[in-house]
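Q: I'd like to learn how to read a model like this one, from the overall fold down to single side-chain pairs. Could you walk me through it?

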Amino acid sequence: MGQQFRMVVGSDDAGFEYKNAILADLRADPRVLSVEDVGVYEDSLQANFYPQVAIAAGEKIAAGEADRAVLVCGTGIGVAIAANKVEGVRATVAHDSFSVERSVLSNDCQVLALGQRVIGLQLARRLVKEWLGYSFDASTPSNEKVSLITAYERSC
């Protein structure tokens, strides 16, 4: 078996349904070593906003407590923006197979953001499954580009 991932999932109220479906899929996936749900939860759908959830997921990746995260909001845009504010985290919105592939192979993204109001549930589940099948190869020309992003981020 290949790499096993320590995963984090999270959503706001607009992504709650998809988050729960993806959480169940991840728990059943042999490529997933562990999965942590950072919210929102049934009893607190309105208590947390997407930035809190996305930043919490990003911080777990930055601290080395998780390898990747899947975040869901209405469009995926808000959670991606928030997660990208955490130093060392690269989050992307992706709603098609090619973008999911390139998010890892070209950009070494650790966070996949999806929009429950943008794509169907079965597509979202499929994209997460595909995304887990990709690994960044540091020997490719993409590594130099990712290194430039990382260097800039550290200089700020």
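Q: What should I know before I start reading?

A: This is a predicted model, where local features need pLDDT of at least 70, side-chain atom pairs count only at pLDDT 80 or more, and totals for chains, interfaces and linings use all residues. Residues are numbered from 1 along each chain as its sequence is written, and side-chain values use heavy atoms, with hydrogens and water left out.

Q: How many helices and strands does the protein chain have, and which pattern do they follow?

A: Helices (H or I, at least four residues) and strands (E, at least two) are DSSP runs, numbered from the N terminus. Here the protein chain has six helices and five strands. Going along the sequence, you read β-α-β-α-β-α-β-α-β-α-α.

Q: What does the radius of gyration say about the protein chain?

A: The radius is taken over C-alpha atoms, and the globule rule is 2.2 Å times the number of residues to the power 0.38. For 156 residues, a compact globule would come out near 15 Å, and the 14 Å of the protein chain agrees with that. Along its principal axes, the C-alpha trace spans about 45 × 35 × 25 Å.

Q: How should I read burial and contacts?

A: Buried means under 20% relative accessible area, exposed means over 50%, and partly exposed is in between (1.4 Å probe, protein chains only). A contact means heavy atoms within 4.5 Å. Among contacts between residues at least 6 apart in sequence, 70% join residues at least 24 apart.

Q: How many salt bridges does the structure hold?

A: A salt bridge is a side-chain nitrogen of Lys or Arg within 4 Å of a carboxyl oxygen of Asp or Glu. The structure holds nine of them. Take arginine 125 and aspartate 25, whose side chains meet at 2.6 Å, N to O. Arginine 125 sits in helix H5 (residues 121–131) and aspartate 25 in helix H1 (residues 16–28), so this pair ties together parts that are 100 residues apart in sequence.

Q: Which parts does the salt bridge between aspartate 108 and arginine 90 tie together?

A: In that pair, the closest N and O atoms are 3.1 Å apart. Aspartate 108 lies in the loop between helix H4 (97–105) and strand S5 (111–115), while arginine 90 lies in the loop between helix H3 (77–83) and strand S4 (91–93), so the bridge links parts 18 residues apart in sequence. Aspartate 108 is partly exposed, with 24% relative accessibility, whereas arginine 90 is buried at 14%.

Q: Which residues do salt bridges with shared partners join into one network?

A: They are Glu36, Lys60 and Glu65. In the bridge between glutamate 65 and lysine 60, the closest N and O atoms are 3.4 Å apart. Glutamate 65 is partly exposed, with a relative accessible area of 47%.

Q: Where is lysine 60 found, and what is lysine 60 in contact with?

A: Lysine 60 is in helix H2 (residues 50–62) and counts as buried, at 18% relative accessibility. Leaving aside neighbours within four places in sequence, lysine 60 touches Val8, Glu36, Val38, Glu65 and Ala66.
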